[in-house]
Amino acid sequence: MRYRLLRRRLTISAPRVTVRSALPWPLRWAAVAIVLGLCAAMTLWAFDLGKRIAGLDAGSREELQRLRAEVSQLREHNRLQHEKQEAAGSLRIAEQVAMDRLLEQLRQLEADNRSLREDLGFFEKLTPTGKPGNLTIRGLHAETLEGGGQLRWQVLAMQPMRNAPEFKGRLELLLAGTLNGAEWSSTSPAVIQPLQFRQYRRVQGVAALPPGAMVKTVTARLMDGTSLRAAQTFSLEP
C-alpha cells in the first residue's frame with residue numbers, strides 16, 4: 001500500500017496542483033505600468049542627452065531663430081510694398097483729379113476766349129465807318145438749320161454817330177433761292193420785327209421756310225414807314 005502511494009506521488013499519475021500568486025492583478029498591472037514609464041523616461045533622457053552631446057539641439061534652435069528672423073523680414077517687406085502700392089494708387093487718383101480739373105479749366109478758358117473774340121468782333125463793328133446820321137446794317141448772318149425747314153438769322157443795326165436820334169422803325173428779311181428746283185424769292189418779308197434803338201441793336205431769330213425751299217441769299221432792310229433806310233444782303237454757302 002505504501003509502495004502504491006509512493007509510486008503515485010512520483011509518477012505522472014500524481015494529482016494536479018495549482019500555484020496561485022500572492023499579489024492581486026490590479027497591483028501587477030500597476031507595477032508593469034510603472035516599469036514601462038521608467039523605461040520610456042530613460043529612453044527620452046538618453047535621446048536628449050545624445051542630441052546635446054552631438055550638438056544637434058543648438059543647431060536646430062539657431063536654424064529656427066534664423067527662419068523666424070527671415071519670416072519677420074519678409075512680413076516687413078510685404079508691409080512696405082503694400083504701403084507703397086497704396087501710396088502709388090492714391091497718387092494716381094490725385095493726378096487724375098488734377099488732370100480733370102486742368103481739362104475743365106482749359107475748356108472754360110477756350111469758351112471764354114471764343115466769347116472774347118466774338119465780343120471783340122462785335123465792338124469792332126461798332127466803329128463808325130459811314131457818314132454821320134446814316135443807318136447801317138452790320139453782322140448780317142444766316143444759316144439753314146438741320147432738316148432744311150428753318151433759317152437762323154442775326155442782324156446788327158447801327159447809327160455810327162454820337163447823340164444819334166432814336167430810330168423807330170422795323171426790320172424786314174427777304175429770302176431768295178429755289179423752291180422745288182425752280183427759282184424762288186419771297187413776295188413778302190419772311191421776317192417783320194419792330195426795331196427801336198439809338199446807337200446799336202442786335203437782333204436774332206428763326207424763320208420758317210416753305211417745304212422744298214433752299215435759301216441762297218438773305219436781304220435785311222431797315223424801314224422807316226415806307227422809306228428804306230438801310231439794306232444788306234448775305235449769301236449762304238452752297
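Student: What makes a stretch of residues a helix or a strand here?

Tutor: Helices are DSSP runs of at least four residues in H or I, and strands are runs of at least two in E. In this predicted model, that gives three helices and eight strands. Starting at the N terminus, their order is α-α-α-β-β-β-β-β-β-β-β.

Student: Why is Ser-186 called buried?

Tutor: Buried means under 20% relative accessible area. Ser-186 has 17% relative accessibility, so it counts as buried. You will find Ser-186 in the loop that links strand 4 (182–185) to strand 5 (191–197). Leaving aside residues up to four places away in sequence, Ser-186 touches Leu-174 and Leu-175.

Student: What makes the pairing of Ser-186 with Ser-188 a polar contact?

Tutor: Such a contact needs N or O atoms within 3.5 Å, one able to donate a hydrogen and the other to accept it. A polar atom of the Ser-186 side chain lies 3.4 Å from the backbone oxygen of Ser-188, so the distance meets the cut-off.

Student: Is Asn-180 buried or exposed, and how do you know?

Tutor: Exposed means over 50%. Asn-180 has a relative accessible area of 66%, so it is exposed. Asn-180 sits in the loop between strand 3 (167–179) and strand 4. Its phi is near 55°, a positive value in a residue other than glycine.

Student: What makes a set of residues a nonpolar core, and which members touch the most others in the largest one?

Tutor: The members are buried residues of listed nonpolar types, joined through side-chain atoms within 4.5 Å. The largest core has 26 residues, and Trp-153, Val-155, Leu-171, Leu-195, Val-218 and Leu-222 touch the most other members. Several strands each supply at least two residues, including strand 1 (136–144) and strand 2 (150–158). Strand 7 gives the most, with five residues.

Student: Which residues does Leu-195 touch?

Tutor: Among them are Ala-157, Phe-167, Leu-171, Val-203 and Leu-222.

Key. Residues numbered from 1 in each chain as written. Predicted model: local features only at pLDDT ≥ 70, side-chain atom pairs only at ≥ 80, totals over all residues. Heavy atoms only, no water. Buried < 20%, exposed > 50% of the residue type's maximum accessible area, 1.4 Å probe, protein only. Contact = heavy atoms within 4.5 Å.
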